[in-house]
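Hello,

Here is the structure I promised to pass on to you. Have a look at it first, and my notes follow below.

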Amino acid sequence: MAKKHKHKTDKHFFQKDLGYTELIIEGQKRIDSEKYREAIDLFKLAQKKQATEEIKLLLFKAYSMRSNQLRNKGLISEADVVANQIGSMGINIFNLTENELILYLSSCPDQKVVDLYVKAVSSKQHVSLIEKILANRLITNSCWHLLNPVNSSFPFKQESLILQNAVSLMNDAKWEDALEVLRPISSKSSFAPIRSFCRAMVLFYQHDDDKMEKALSMIPNDFPLSRSVQDLKALLTQKTSKHNLSIPNSPIACLWEDGIYLKKYMHDLVDSFKKRNFQEVERLIPVISKQIYPQMPTMATQYLLEQMAFLAIDCHIEPSQYYKLISKLVPKEMSELLIVKIFFLISHDDPLRTMLNYLEYLHVEFKDKNQYNLAYSLLLKHAVKKITSEDYHEIDTKLHKLLTDKLSISFNSYELLMIQLLTKSIDLDPLNRTAYELLVKLPRNEKKSKNAVEDYLMSMKDRFPDDPFPCLELSSIYYEKNAYRKAELILDEAVKRAPHDSRVIEKRAISLLISASKNLSQDRLHLFTQDIQKAMVVGSKKVKPIVIQKQILHDVIVNRQNIKDVLENYLKELSRIEQLRVLCFLYMEIQKHKSLFIQADIDYTKKYFISKTKELALISSKDLLELLTPLESDYIPLVPSIYVAPVFLEVNADLVWKGFEDKDVLMLYEIILTKDTIPSILADVKKRIKKKNNQFKYLFEFYQAVLTQLHSKSKNAKLFNQIMSKASDAQLNELESLSKRLSKHATGIFKEALEKFDFSILNISRSPFSLDVLFDMFKDFMDTQTPKQNKKKNQSFYEEFEEYDEFNEFNKIFGDDDDGYDDDGEDDDDDYNDKDDEYDYLDTLFDELEDLDYNPAIFYTIDKDAVIERLSKGIEFFIDFIGIRGLSTIEIKESKWKLIKELKGDYDLLKRVVTPERFPYLSREAQVFIFGKHHKHK
């Protein structure tokens with residue numbers, strides 16, 4: 001490691017030795033090879049040797065190209081930081097050439113382009129060029145809100161309002177209406193190309209190829225929809241008929257075969273589904289599928305059915321009806337896959353088991369190895385995300401073995417399992433950045449977990465050489481391991497990658513404060529002072545209050561200075577909000593470590609802090625919201641608690657709540673909502689509800705209902721229904737938005753109700769698609785409890801019962817715990833009736849078969865073999881019970897017709913559920929009775 005670092009240092013010194021001209025030549029080489037970061041470093045060295053306009057322009061180009069490079073990689077915040085460096089160079093952009101200006105604008109964020117447009121109008125320079133670029137941004141990103149501050153007298157602003165309305169119509173395929181709206185747009189306008197495109201689409205549907213070709217020829221090559229324009233031109237050139245489209249993967253493929261009516265068809269589909277008109281649903285889905293994806297309509301059908309599963313739950317459609325629809329619309333080899341996938345997507349009860357079920361069928365959906373690996377990776381990542389969000393911790397022995405065998409992983413704790421699942425996901429798709437981001441959020445209290453996360457962050461660091469994220473996260477791990485030297489080195493690397501990134505600056509300041517705390521605890525006061533001074537130089541505004549707080553601690557604890565003088569010295573140059581932050585952290589520190597302070601200092605600090613909180617009334621709601629927002633987890637080593645709101649609420653709750661108007665306080669609720677703050681929030685909510693003429697009363701009532709039920713064991717929809725019944729349509733939209741935001745604080749069925757804004761499910765014990773339902777259906781089958789499991793409880797009882805158990809075959813199947821004995825161990829043969837018990841067993845069997853008929857998805861789960869085996873034994877007992885064992889085929893068929901009359905609907909149930917595909921190994925007698933003939937085993 002040291003040798004590697006030395007090599008980099010030597011290279012840096014070599015570059016310093018180069019002359020001005022050589023540095024420019026080397027920088028140009030780096031630009032040609034797209035190594036813009038290195039080019040920037042070389043040009044900076046050249047600028048130090050000779051600050052010329054030439055080098056300033058070269059730096060401008062390098063920064064612009066670097067910003068574009070980062071933006072194309074998806075590192076938007078980093079790209080914006082680099083683009084902002086150009087503003088500090090003192091270059092007048094209006095003196096740039098047209099090409100240079102285009103390069104600069106392409107690297108700027110949307111807001112910056114708008115700001116430059118306003119300046120261009122006032123200086124009357126490059127207005128048309130910037131308008132053109134800004135128009136393309138608006139069409140691509142739909143960032144219309146950025147133009148709100150722009151003066152409405154600007155022609156461009158007026159035209160943008162027209163275009164915004166037209167785009168909405170174009171999205172609805174109302175091309176003629178959109179063209180009518182666009183008529184005021186002149187041919188010289190920056191928005192003229194979109195009008196030409198709209199006109200071309202109208203002519204397309206009018207089959208006027210000549211005029212359409214003319215309209216397309218008026219659209220420039222840099223138009224955002226240029227690919228679609230080129231495809232349409234190619235189509236006209238080839239004279240391709242609509243039944244022989246030669247460019248099936250182009251964006252214009254959806255224009256064929258009545259694509260304009262797709263929205264209407266979708267509306268009809270949903271309406272028919274809600275009304276349970278399955279015949280119409282069965283007709284519409286293939287029509288819609290052909291329009292969505294003409295090349296592979298079956299795939300589109302599967303996607304539609306996946307999405308409609310959620311609608312089926314909302315509409316309380318019986319699963320048997322829904323599975324019947326799947327079997328009719330999807331080929332047999334894909335129907336099982338689809339059921340398992342739906343199971344995985346919507347089940348909340350057993351995410352690990354449903355993931356394994358889906359994994360068994362994944363190869364059916366993805367034949368290509370690369371696609372299979374990507375899907376496998378996403379499946380594992382989605383499972384981890386789902387599990388962690390639901391706070392699921394149940395792993396039995398059987399599931400542990402399944403996970404170990406199927407996924408080839410080894411774990412001995414829930415924490416390590418989550419890490420293993422996610423690292424396996426990364427192995428399958430090493431470039432999936434979101435998987436790394438999820439990995440660092442998982443708990444890592446164990447040494448193995450820390451080591452695994454560290455290894456994968458190191459690999460991410462190599463795979464993403466420009467990204468500071470892995471370096472920042474590695475530093476956190478090193479601090480957790482007390483490896484301070486490693487943390488400092490990796491932060492140095494982060495600084496090299498993104499020196500102006502606010503996250504890097506903040507993390508650097510935090511690292512210095514951690515080092516300072518360590519030096520203070522070890523009485524290395526000179527090093528403590530140095531670390532504090534360095535942290536101040538780094539200049540992170542967010543960390544500044546903690547730096548001041550550490551300085552105060554040093555002077556009071558170590559130097560034994562008077563706390564009154566110390567506070568007066570340090571607080572006088574701080575803003576009001578910074579003073580309150582410092583005092584809050586100091587107050588928490590003193591409350592946590594009272595033994596380090598004399599009683600007089602404790603009393604004075606508390607009194608001073610309480611008096612200072614009176615200034616909360618002088619702070620704007622925006623600053624107050626910032627003050628009360630919890631710190632990130634990175635600050636945990638530095639402060640007693642990252643949650644500051646409970647402290648202010650404890651000291652002066654009235655002033656905190658008075659600082660917020662009704663319209664603003666809801667945002668504060670969401671930010672500070674924790675178990676500790678719920679009582680104070682509820683108290684404020686109740687006060688605001690009692691206010692007369694409170695226009696936000698419905699929101700506060702909803703908040704009160706959510707908070708009341710968050711920690712309540714029983715959930716009830718009544719409160720929510722009362723609130724929603726009184727709300728208008730606009731208010732319902734606000735309530736739905738609030739409900740979805742608050743869902744992150746809930747778990748289980750209540751979380752689902754908040755997410756879907758459907759509280760009727762709180763009155764339903766379980767969702768009809770829930771795995772919990774299925775496994776409870778087969779509780780007697782799958783969780784059999786034989787007398788051997790009770791052997792340790794009563795050895796003599798087991799020995800007496802064992803002989804009886806050999807003859808009671810049905811008890812082995814269903815695990816009946818009626819053992820023929822009273823609780824005191826005495827024989828209760830007088831009360832026991834074998835025939836009645838057999839009837840009970842048969843009732844149980846047919847009840848379970850009826851449940852299977854209602855929801856056959858159990859046949860596609862990972863436990864299907866065990867279920868089928870147990871059900872088969874139950875069916876064989878039924879064959880013995882009706883007395884056809886040993887009869888010939890002809891005799892069974894003769895007896896069958898008499899028995900059908902007695903069985904009535906039960907025989908039809910057997911025929912529907914017990915099929916040769918599901919139960920291939922039934923006895924000859926069972927097969928003849930149920931299937932009508934004997935299928936020989938292959």
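Let me begin with helix α12: D210, K214 and S217 are exposed (over 50% relative accessible area, with a 1.4 Å probe and protein chains only) and sit on the face of α12 turned away from its buried side. The buried residues of α12, which spans 209-217, are M212, A215 and L216, where buried means under 20% relative accessible area. They fall within an arc of 100° seen down the axis of α12, so they line one face of the helix; the arc is taken from the directions from the helix axis to the C-beta atoms.

Please keep in mind that this is a predicted model, in which local features need pLDDT of at least 70 and side-chain atom pairs count only at pLDDT 80 or more, while totals for chains, interfaces and linings use all residues. Residues are numbered from 1 along each chain as its sequence is written, and side-chain values use heavy atoms, without hydrogens and water.

For the whole chain, the secondary structure comes to 49 helices and zero strands; these are DSSP runs (helices H or I, at least four residues; strands E, at least two), numbered from the N terminus. Of its 938 residues, 48% count as buried.

Another helix to look at is α16, residues 297-314. Its buried residues, among them L304, L305 and M308, pack against α14, α15, α17, α18 and α40, with contact meaning heavy atoms within 4.5 Å. Just after α16, H316 takes a positive phi of about 55°.

Best wishes

Conventions. Expected span 1.5 Å × (residues − 1).
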